[in-house]
Amino acid sequence: MKIQVTVNGKAHEKDVDPRTLLVHFLREDLGLTGTKVGCDTSQCGACVVNMDGTTVKSCTCLAVQADGSQITTIEGLSPKGELDAVQEAFWNNHGLQCGYCTAGMIMTAVELIDKNPNPTEDQVREGLKGNICRCTGYHNIVKAVLAAAEAKRS
Amino acid sequence: MFATEFEYKKANSVSEAIQLLSNDADAKLMAGGHSLIPLMKLRLARPGTVIDIGGIAELQGITANNGILRIGALTTHAQLAESPLVRDSARILWETAYGIGDPQVRNRGTIGGNVSHADPASDLPTVLVAMDAKFTIQGQGGITRRGSRTVAAADFFTGAFSTVLAENEILTAIEMPVLAANQHSEYAKMAHPATSYAVVGAAAVVTMDGNTCTVARVAVGGLTPSPVRGQSVEQALVGQELNAETIAAAANLIDNDLGSDIIGDIFASAEYRRAMAAIELKHAIFHATGLAHH
Ligand SMILES: Cc1cc2nc3c(=O)[nH]c(=O)nc-3n(C[C@H](O)[C@H](O)[C@H](O)COP(=O)(O)OP(=O)(O)OC[C@H]3O[C@@H](n4cnc5c(N)ncnc54)[C@H](O)[C@@H]3O)c2cc1C
Ligand code: FES
Ligand code: FES
């Protein structure tokens with residue numbers, strides 16, 4: 001089936017098997033491997049991307065469901081190569097170790113800060129509920145998100 | 001993991017979706033896909049055709065008119081949790097929606113998909129039984145066929161993963177009475193730590209005259225194949241002044257309403273869940289009446 005999707009500002013028209021998951025479409029058809037597959041069972045959030053303004057777990061979305069939509073992946077946050085405020089805050093606060101969860105964490109954090117520009121620590125932890133990190137213990141991730149929110153406010 | 005092969009069709013209206021369903025015995029509707037896609041990936045569901053209803057505008061929308069809150073079947077959990085109208089009309093639903101899964105699950109999962117899937121561990125069925133919600137179902141028109149019908153939440157669920165929905169019917173909307181200022185509601189759950197699904201969930205809606213309860217509707221879920229209304233508890237609450245003792249005594253009676261079909265698994269045994277039902281229900285009533293705070 002033919003689908004049209006705009007990913008990180010670029011329009012694509014592709015033929016896909018209906019059972020193709022959005023994450024595989026992004027990684028394999030478009031070569032955007034920043035988005036990861038962790039659990040493949042809707043739990044870990046490594047595959048989170050933004051679709052039409054809200055985050056989705058792209059392992060639990062069919063590419064055909066994304067037909068006609070606008071998608072932003074981690075690659076789209078910094079189109080010119082500079083770091084976006086959330087990426088910068090993860091860097092400065094050591095919000096990652098192996099980095100496997102990071103793309104999903106950042107995509108979730110971007111939406112979180114958009115919806116709530118001045119979140120409390122509890123709200124950040126609650127907002128990251130769908131993103132699992134096996135390395136950091138979350139402390140520096142939460143710090144990074146709070147710092148990013150502050151940076152965006154000022 | 002990949003699903004087995006299927007044909008994908010996008011329906012643009014309810015009537016088109018019903019038409020597609022009626023012509024294809026092997027078709028399945030998809031709303032947010034957050035129950036169906038995981039099942040298809042595990043190959044526990046293998047529909048020959050997936051009919052995507054996710055873009056149908058007439059299934060969207062939240063309105064309140066003449067004391068009735070009406071929620072379109074495609075309303076996502078996030079839309080419920082972010083709606084001031086839901087907060088002011090049915091606080092229990094607003095709060096419960098926020099406790100479902102995680103932000104991404106709430107962004108995609110819909111109220112219609114949640115109840116149609118009828119997972120015993122879902123939160124919304126229990127809440128909607130306590131709210132005395134009515135489900136509007138659309139089938140094929142014509143003289144010999146069923147058109148539109150309305151089913152009470154308590155009659156909609158017929159067992160684990162089963163409902164009264166016929167193969168070619170679509171749930172279009174859910175309606176419930178707007179709660180008055182003297183009606184208080186709360187949902188309490190023992191959540192599975194990985195998914196937030198209810199191990200045991202309890203919903204209470206109480207109508208108060210001062211400190212005295214005049215009407216009560218309570219339901220528990222998660223531990224039974226479908227939500228169970230706690231009529232013994234309701235009878236014990238009505239006419240009582242609600243305090244720690246009367247609430248605890250009433251909540252303990254839920255055991256009489258549970259029946260013998262209690263779910264047990266490696267995470268929580270049936271005995272344990274049974275014991276927790278009274279505890280969660282007590283929490284729900286305490287919070288509803290303002291005797292306890294989060
Ligand atoms: C990680 C994770 C955590 C979750 N945690 C929770 C939780 O804490 N609490 C909770 O309650 N739920 C939870 N859920 C389930 C979530 O709420 C689902 O979104 C919901 O159960 C299904 O909604 P959907 O729109 O995605 O339905 P779909 O997956 O699209 O459909 C589910 C079923 O309903 C049918 N259907 C859908 N819409 C209609 C309709 N309008 N009329 C007739 N049939 C229809 C479909 O044919 C299918 O059989 C969780 C899910 C995941 C993946
Ligand atoms: S890979 Fe999608 S949630 Fe884990
Ligand atoms: S940094 Fe390794 S999983 Fe989060």
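## A tour around ligand 1

Start by selecting ligand 1, which sits between chains A and B. Keep in mind as you go that this is a predicted model.

Next, show the residues around the ligand. There are 31 residues surrounding ligand 1, and the closest are B:Leu29, B:Ala31, B:His34, B:Leu36 and B:Thr110.

Now zoom in on the oxygen atoms of the ligand. Select B:Leu29: one of its backbone N or O atoms is 2.6 Å from an oxygen atom of ligand 1. Move on to B:Ser35, where a polar backbone atom lies 2.9 Å from an oxygen atom of the ligand. Then pick B:Asn114, which places a polar side-chain atom 3.0 Å from an oxygen atom of ligand 1. How much of the ligand does the protein cover? On its own, ligand 1 has 980 Å² of accessible area, and the protein covers 96% of that.

Switch to a cartoon view of chain B. The elements giving two or more residues to the shell around ligand 1 are β2 (27–30), α7 (111–117) and β10 (170–177) of this chain.

For the last stop, select helix α5 of chain B, residues 91–98. Its buried residues are B:Ile92, B:Leu93, B:Thr96 and B:Ala97. Turn the view until you look down the axis of α5(B): the buried residues fall within an arc of 130 degrees, so they line one face of the helix.

Conventions:
Residues are numbered from 1 along each chain as its sequence is written. Chains are lettered from A and ligands numbered from 1 in the order in which they are written. This is a predicted model: local features need pLDDT of at least 70, side-chain atom pairs count only at pLDDT 80 or more; totals for chains, interfaces and linings use all residues. Side-chain values use heavy atoms; hydrogens and water are left out. A residue is near a molecule or strand if one of its heavy atoms lies within 4 Å of it. A polar contact is a pair of N or O atoms within 3.5 Å; within protein, one must be able to donate a hydrogen and the other to accept it, and residues adjacent in sequence count only if both atoms are side-chain atoms. Accessible areas come from the Shrake-Rupley method with a 1.4 Å probe; for residues, only the protein chains shown count as cover. Helices (H or I, at least four residues) and strands (E, at least two) are DSSP runs, numbered from the N terminus. Buried means under 20% relative accessible area, exposed over 50%, partly exposed in between (1.4 Å probe, protein chains only). The arc is that of the directions from the helix axis to the C-beta atoms.
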